[in-house]
Amino acid sequence: MATPVLALKHTLARFCPVVFTSLLWRTLPGTRPAAARRMSLAGETLRPLEGVRVLDLTRVLAGPFATMILADLGAEVIKVERPGAGDDTRVWGPPFIGSESVYFLSINRNKKSIAVDLKHPRGVKIIKELAAVCDVLVENFIPGKLSQMSLGYEQLSRVNPRLIYCSISGYGQTGPQCQSPGYDSIASAVSGMMHITGPEGGEPVRPGVAMTDLATGLYAHGAVMAALLHRHKTGGGVHIDCNLLSSQVSCLSHIAANFLNAGKEAKRWGTAHESIVPYQGFRTRDGHVVVAAGNDKQFIKVCEVLQLTELTQQPHYKTNKLRVHNRSFRKRQLIG
């Protein structure tokens with residue numbers, strides 16, 4: 001859980017950058033404190049990323065979600081926030097626990113937090129000094145913004161050639177949309193995710209959680225893990241380009257493949273499945289029930305449980321292919 005430090009105007013005013021960062025480093029030993037070790041998944045056994053240090057320049061969801069996973073795996077994550085305001089999500093809510101929103105706490109556990117003014121020369125110097133002793137840096141600024149502050153990949157890789165620099169953006173580091181800010185809902189709509197989410201015949205629906213942000217965070221975390229392995233083999237750092245749109249398009253899976261390879265446009269099915277029947281939620285007299293018969297054998301078992309074995313003998317429902325073709329099954333049967 002992040003531990004806020006006083007705003008830069010109260011903290012850095014008392015320390016020059018060297019003194020401030022040396023104080024910080026003394027709290028970042030090679031092995032984690034005893035309290036942190038007790039959180040290990042297997043007693044005192046080292047977690048996979050024990051000893052890896054991550055400099056987290058991200059805010060809101062996709063980036064913090066990625067760095068939180070790294071922290072959960074044992075990495076030491078130093079979260080850099082704006083003096084005074086902190087991460088945008090600190091004040092999102094309610095509900096709140098103390099002065100912090102539950103939203104913020106849900107994606108920033110196991111991190112240490114400092115406040116640094118990146119627009120101030122001393123703040124830039126602090127970030128450079130931290131980058132020199134970190135293994136990974138994760139940021140989600142608009143492409144080119146950190147380079148203007150002398151904190152881009154090219155500048156920091158000269159400070160630390162082994163640095164893994166992960167950039168998370170809305171539409172990638174290059175291209176016509178690269179300067180556009182990235183928002184989960186917009187990327188969800190542009191990618192086609194909203195087009196396939198919602199009730200059959202109804203309006204597009206945003207998923208109940210920010211799936212585009214979360215998917216991007218997962219891809220970023222995986223890319224960082226791969227980059228750590230790559231550095232172990234080669235000794236060099238890399239620049240990772242991870243963005244919301246590409247991540248969500250990738251997650252369209254067979255839906256995207258159907259269109260690209262067969263020209264078949266997807267539609268909204270509510271809780272149903274385009275290719276499997278029955279595989280959806282049904283309203284009953286006392287609530288809802290979800291049936292997921294993934295193959296013909298499971299369909300027979302479902303019918304046995306529901307005491308509807310006669311359905312297995314009907315020609316229209318013998319195979320999943322026939323059940324998909326005769327979709328009226330899901331509206332007429334199983335509802336009681």
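Visitor: Which residue follows helix 4, and is its phi positive or negative?

Guide: G74 follows helix 4, and its phi is positive, near 110°. A word on the labels: helices (H or I, at least four residues) and strands (E, at least two) are DSSP runs, numbered from the N terminus. This is a predicted model, in which local features need pLDDT of at least 70, side-chain atom pairs count only at pLDDT 80 or more, and totals for chains, interfaces and linings use all residues. Residues are numbered from 1 along each chain as its sequence is written, and side-chain values use heavy atoms, with hydrogens and water left out.

Visitor: How many helices and strands are there?

Guide: The protein has 15 helices and 10 strands.

Visitor: How do I read a sheet, and what is the strand order here?

Guide: Start with pairing: two strands pair if DSSP finds at least two bridges between them. Here six strands form an open sheet in the order 5-2-1-6-7-8, with parallel pairing. Strand 5 (111-115) and strand 8 are the edges; each has a single partner strand, so one side of each lacks a neighbour in the sheet. From one strand to the next, the twist averages 20°.

Visitor: Which strands pair with strand 7?

Guide: Strand 6 (residues 136-139) pairs with strand 7 over four bridges. Now find some residues. L137 has Y165 of strand 7 as its bridge partner. C166 has V138 opposite, and its bridge partner in strand 8 is I240.

Visitor: Are the faces of strand 7 covered or open?

Guide: Both are covered. I164, C166 and I168 are buried on one side, and Y165, S167 and S169 on the other.

Visitor: Which helices lie across strand 7?

Guide: Two to find are helix 10 and helix 11. For angles, axes are lines fitted to C-alpha atoms, for helices over the stretch in contact (heavy atoms within 4.5 Å). Angles run from 0 to 180 degrees between N-to-C directions. Helix 10 (residues 211-234) lies across strands 6, 7 and 8, at about 165° to strand 7. Helix 11 (residues 244-251) lies across strands 7 and 8, at about 65° to strand 8.

Key: Buried < 20%, exposed > 50% of the residue type's maximum accessible area, 1.4 Å probe, protein only.
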